[in-house]
Structure formats: structure tokens, C-alpha cells
Amino acid sequence: MTEETTIPIKSRKSLWRWLLIGLGGVFLVFLFAFIGLFIWYKTGSADNYVKSQFVSKMDEIGIVFAADTFRLTLNPITLQLQNATFNDKISGEKLFFIREANLGLTIQNLYAWQLSRDIQLNSTDVNGAEAWVKFDENGKSNFSNLNFVEDKAGSRVNFKYDSVKFSLKEGLVHFGDVSRKISADAKNVIFSLNPTDNATPDELKRYNISLNSTDSKFIYDEKPVEPIDLAIKGIADNKGAEINEFTLTTPLGETTMNGTLTDWERLQYNLKIRSNVDLQQTATILPTGATLRGTGNFEGTVTGEGEKYQIDGEINSDSLAADNVYLKALQVNAKGSGDGAIYEAQGKAVAELLTFEDFRIDFPQLIGKVRGNGTDFKWFGELQAAAVKSPNGTLASLFISDAVAEYKDKQFTADFKNLRAGRFANEDLIAESLQINGVKFSSNNGTILVNAPNVRAGSVKVEGTEL
């Protein structure tokens, strides 16, 4: 026979009584916590707490933060800013100004009893912002005083922004570089940044990027170019970016490109570019001291790192003119490299017609190498032409090898080691099978000098006499 254990009725009543008391106590704790949280929020204590932590974080970075409005709302948790300024703590210079912004937040483990809090920045929507980016004569940026450090484990408040969505409307960016004599104002800036896949871990996330700017201004050496429109679309991560669309439209012409940037720090790039330039507009907006006319088109690939680059492409133009130099149906295939304004290129240039001063060259073809710095250059190579016409006569079937030509300080000189021509003719003389060595040519302020110390010919006809 099994012996049953029974709980006295009085003991069971005590158990239920203590259970109800326990549940009631837990309910009261949550009730008081909710009332406390509600009072904390309604009295503005929540705003002040978050603001103090935000200001402290900005101070650690090196930024003095102030705002006319700093408000925290619940369900969802949103931080609202109005007329917020971000200034350099050391120099006092302006870095950013935000007219209005809404920041979507998530406070992780909000109700947990712990001293540390992680605040995740989920989204940022900005309407009306202004930024200043400057570089002094030594290349130092106005952001160089800032110290972007990661939050340490155990900090009172940790701000996390690895998967943030960012949207900017009505932006204005001021840029200046003293050493390069460059300044710019990017107006009507619209920018968006969104993760391609929210499920991807933050450290592996990639972002869709879209940037548009219209009616902007660019100034080089006090010479302005405006209006400028810019549109960019691509995908980026912490390693680099894929540029799907890049369109830059200016009074000088239009440039489109696509490609990759593989290293943000070293700025390595591989880009396919199409560009056209209106030389007449270029001369009007950026005075070069020459009267320029015509358009040029470039299509090719540009690769490099920073200011060092390599170019492989083709240039075409129906007609180009600069002062008294004119080119018709120009086509250039070349490969080149450079570092800043210093460049070197090797290739082939063909045209239907080249005129220079009183010279006319039909179907010129140049093959060789060019080295230059800015507008000054030096060319090494060979030249062929169907005919060269001048006031002194006409050369047919011209071929020049071992040639060196230089343009420096607006003066042009050339040294032709070997010159051959099938025929030379003028009113008084006809020469066949010409060979000339050591020809020197110079042009300065409209004065042309030609020196040919050694001339040989297969036959010469002068006034009816043939030699």
C-alpha cells in the first residue's frame, strides 16, 4: 500500500499567499520603473543625460558641440537637432553646421541593471547642412586636430554607427586648398548612404552611395568655373568603391567615368573615362594667353595611385586652333604616365592638316615621346608629311627622323638630325631627292628662323638649267 504525502490546507494557502505577494512585488517594481522612466523622459532628464554623453563624446573627438534644439523622443527613439554647430576645439574654426536632423537610435539592453550602455545609430536624416574643408600651404587639413577613437569596452556610453543609413538634402560644402590655389563651393548637395544587405555583419557591410550637386563653383588661381553639375552612384565599403556612374558637366565640357577605387588610404584607382572639352570656353573662363577654338574628345583608361597616374587612350578632334596654329581631323593614340603636373607620353598623332604661322603641313604624322611640365614640353621622335608649304616653297613627301622639338616659355625650337624630301619647288628652283642634315628651326614672337647647313639633292633645276 502506497503512502501518500499530503500538504495541509493551511500550508497551501500560505504558499499561494507568498506567490501572489511576490508577483505583486514584481509588478510594483515594473510599475515604479515605468513611472520613473516616464517622469525621467517628461521632465527632460533623458534629453539632458543623452546630450551630456553626446557632448562628452564630441569633446573626446575634439569638437565643440552646441544646438538650439536637442530633443529625445520615444517609440521610436529619435534624437532631434536644430541649428547644431560643430567647431574645432583647438582652433575654434567651423567644421559643420546642421539646420535640422533626426537621428534614429536603439539603446541596447535599456532595462538591464548595468552601468554601461550601447547606443546604436541606425539612421540619420539631415535637412540643410554646411561643411568646411580646408588645406593650408603645408597640406594640413582643418580636420587634423580631431581624434576619431573607438569606444572602449566598459565605457559609460558607447556610440555604435557601423550600419548607419544616412540621408542629406540641401547641403553646401566649402573646399579650399591654399598650396594648389584651388577652392570650390558644392551647392544643392543631395547625398544618401544605405547598406546593400542589412543581414551582413557590420564589418563586412557594403553601402549604396548616391551624390548629386548642381550649380556649383570651382576656382583655380582666382579664375572661376561655373555652373558645375555632378552626379555619382556606386557601392563602397571600408576597402574601396565601385563607381557605376560619374558625370561631371561644366562650361568647359562633360566627363563621364566608371571603375574602381581599391584603397582609400593610398587612393588606388582604375577608371574608364570619356571626356569632351570646348577649347573656346576653356580660353574664356581660364585665360591661357592664347585664342583657342574647337573641341577635343578623349576616351581611355586611367590607373594610378594618388597624383601618380598612367593613361592609355585616344584623342579625337574635328578641328583645333590656338592662336595661329590649326589642326584638322586630329587623332592621337598614346600611353602616358605622370606625377602631378609632370608627365611623359608615347604614341602616334595623325591629322589631315596642320598650319603654323606661314607653314602648311598636309597629312602630318608624328610618332615619338613627349615629356612635359604644365604647358612646357619636349618631343622626341619622327615626322612624316605629304607636303609642307611655306612662302619659300613646297616640300613633298617629307620624312624627318631623330627629331627633337621643345616648347618653353612660349618659345618653340626644333632640331632635325635627318630630313628627307622627294621634292622641293618654288618659282625659281626645283630640287628632287633632297637630304638635309642638322636643320635647326625656331619661332619667337612671330619671327621664324631656319638653318640648314648641309643640303644634298639628286637633281636641281634653276632657270632652265638642270644639275
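**Entry 1: layout**

I count helices (H or I, at least four residues) and strands (E, at least two) as DSSP runs, numbered from the N terminus. On that basis I find three helices and 26 strands in the protein chain. I am reading a predicted model, in which local features need pLDDT of at least 70 and side-chain atom pairs count only at pLDDT 80 or more, while totals for chains, interfaces and linings use all residues. Residues are numbered from 1 along each chain as its sequence is written, and side-chain values use heavy atoms, with hydrogens and water left out.

**Entry 2: confidence**

I looked up pLDDT, the predictor's confidence in each residue, from 0 to 100. The mean for the protein chain is 79, and 79% of its residues reach 70 or more. Strand β10 (residues 241-250) has the highest confidence, at 93, and helix α1 (residues 9-42) the lowest, at a mean of 44.

Where pLDDT is low, the predicted coordinates should not be read in detail.

**Entry 3: surface and burial**

I call a residue buried under 20% relative accessible area, exposed over 50% and partly exposed in between (1.4 Å probe, protein chains only). Of the 467 residues in the protein chain, 29% are buried. The accessible surface comes to about 29,000 Å², and 55% of this belongs to carbon and sulfur atoms. These areas come from the Shrake-Rupley method with a 1.4 Å probe; for residues, only the protein chains shown count as cover.

I also checked contacts between residues at least 6 apart in sequence: 44% of them join residues at least 24 apart.

**Entry 4: salt bridges**

Side chains of opposite charge can pair when their charged atoms come close. I searched for salt bridges, meaning a side-chain nitrogen of Lys or Arg within 4 Å of a carboxyl oxygen of Asp or Glu. The whole structure gives 15.

I looked up E170 and R99, whose closest N and O atoms are 2.8 Å apart in a salt bridge. E170 sits in strand β6 (residues 165-177) and R99 in strand β3 (residues 94-108), so the pair ties together parts 71 residues apart in sequence. E170 is exposed at 51%, and R99 is partly exposed at 36%.

Next I took the salt bridge between R274 and E299, with closest N and O atoms 3.4 Å apart. R274 belongs to strand β12 (residues 268-278) and E299 to strand β13 (residues 292-305), 25 residues apart. R274 is exposed at 51%, whereas E299 is partly exposed at 46%.

K440 is partly exposed at 44%, but D415 is buried at 18%.

I also noted a network of salt bridges that links D177, R180 and E307.

**Entry 5: aromatic pairs**

I pair rings of Phe, Tyr and Trp (its six-membered ring) if their centres lie within 6.5 Å; planes under 30 degrees apart count as stacked, over 60 as edge-to-face and the rest as tilted. The structure holds nine aromatic pairs.

One of them, F135 with F175, is tilted, at 6.0 Å centre to centre and 55 degrees between the planes. F135 lies in strand β4 (residues 117-135) and F175 in strand β6, so the pair ties together parts 40 residues apart in sequence. F135 is partly exposed at 27%, and F175 is partly exposed at 31%.

For F412 and F441 the ring centres are 6.1 Å apart and the planes are at 70 degrees, so I list the pair as edge-to-face. F412 is in strand β22 and F441 in strand β23, 29 residues apart. F412 is partly exposed at 23%, while F441 is buried at 12%.

I also found one aromatic cluster, formed by F65, F70, F86, F96 and F143.

**Entry 6: two single residues**

I looked up S216, in strand β8 (residues 207-220), and found it buried at 7% relative accessible area. Beyond four places in sequence, S216 touches D185, A186, K187, V225, E226, P227 and I228.

I then turned to T69, in strand β1 (residues 63-73). T69 is buried at 15%, and Q80, L81 and Q82 are in contact with T69 when neighbours within four places in sequence are left aside.

Note on methods. Contact = heavy atoms within 4.5 Å.
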